[in-house]
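I opened my notebook to get to know a new structure. Come along as I look up a few places, one at a time.

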Amino acid sequence: MKKAVISGDIVAFTGLSKANRELVENHLRRLFEALQSVFGGYGRLVKGDYLEYVPQDPEVALRMALLIKSRVKSIPVQTDANNDSRIKYFENYGIRLAIGYGALERLDINKGIIDGEAVYMSGRKINEEDTHSSDRISIKNTLFFVSKDEALNTNMEALFGLIDLLMNKATSKQCSVLYYKLLGWNEAAISKKLEISQPVVNQHSTSAGWNAIEKAVQYFEGILKPQNTA
């Protein structure tokens, strides 16, 4: 049975202040706890700016990746006059995420071991996009799918590109709404949680392209679930 592994790399993390880096790390740890309680699986923060997550079911990998993306983009980092450009990169893009889909020979939660082609593929893709040593950050895409099935990769490339465009354009407030939408919350519950009116929730949802995002996630789930049960 194939598994999915999500690897992620925080954008412009080293350019954030110490307080902002600690804030991001704390949010990620709480996020893992929330995701594990809803979807199961195993997530870990390998270092401050790099994470890995193995969903229990591979078909939910895109939903979980977008949950991570939307949560990171909604983190309220503090502005830094000495590094304003780096803050903007973080606010606009948040995190790069790659989903590797393939065999996973070993998953030992107690020892913190994730081993197999799925994690190699996702990690390699993230490393290819690394800009930590660049004086000028150049970002084209932040959401990727990799597998040994080239037809499947081609099928996902356009889908991921369109979702990526929507997510990178979404504001922090819109991402907060998207996060709860991806968890399956209705607008009344989101309104209460975020302490904003329901019309504002709907406005943020519509402006962020929720209908397209939801259909893309459902399409991904429909493609991977039959493959994984065959």
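Predicted model: local features only at pLDDT ≥ 70, side-chain atom pairs only at ≥ 80, totals over all residues.

**Entry on K3**

I began with K3 and found its place in strand 1, which covers residues 3-10.

**Entry on N20**

Next I went to N20, whose place is in helix 1, residues 18-39. Is N20 buried or exposed? I read a relative accessible area of 1%, so N20 is buried. I then followed its side chain, which reaches the backbone nitrogen of Q78 at 2.9 Å. Apart from residues up to four places away in sequence, N20 touches V77, Q78 and I87. I also checked T79: along the chain it is 59 residues apart from N20, and the two C-alpha atoms are separated by 9.1 Å.

**Entry on K69**

K69 took me to helix 2, residues 61-73. This lysine is buried yet has no salt bridge, and the nearest side chain of opposite charge, that of D164, is 4.2 Å away. Its side chain does join that of N168 in a polar contact of 2.8 Å. Leaving aside neighbours within four places in sequence, I listed the contacts of K69 as Y93, I95, L97, T142, D164, M167 and N168.

**Entry on helix 5**

D164 and N168 turned up again when I listed the buried residues of helix 5, together with L152, N153, M156, L159, F160, I163 and M167. I wanted to check the length of this helix, residues 150-169. At 1.5 Å a residue, its 20 residues should span 28 Å, and the end C-alpha atoms are 29 Å apart, which agrees. Where does helix 5 bend? I found a bend of about 30 degrees at M156, a residue that is also buried. Last, I looked at the N-terminal end of helix 5, which D149 caps with a side-chain oxygen 3.1 Å from the backbone nitrogen of A151.

How values were computed: Residues numbered from 1 in each chain as written. Heavy atoms only, no water. Helix = DSSP H or I, 4+ residues; strand = E, 2+ residues; numbered from the N terminus. Expected span 1.5 Å × (residues − 1). Bend = angle between axes of the 7 residues up to and from the residue. Buried < 20%, exposed > 50% of the residue type's maximum accessible area, 1.4 Å probe, protein only. Polar contact = N/O pair within 3.5 Å; in protein donor to acceptor, adjacent residues only side chain to side chain. Contact = heavy atoms within 4.5 Å. Lys, Arg positive; Asp, Glu negative; His and termini not counted. Salt bridge = Lys/Arg side-chain N within 4 Å of Asp/Glu carboxyl O.
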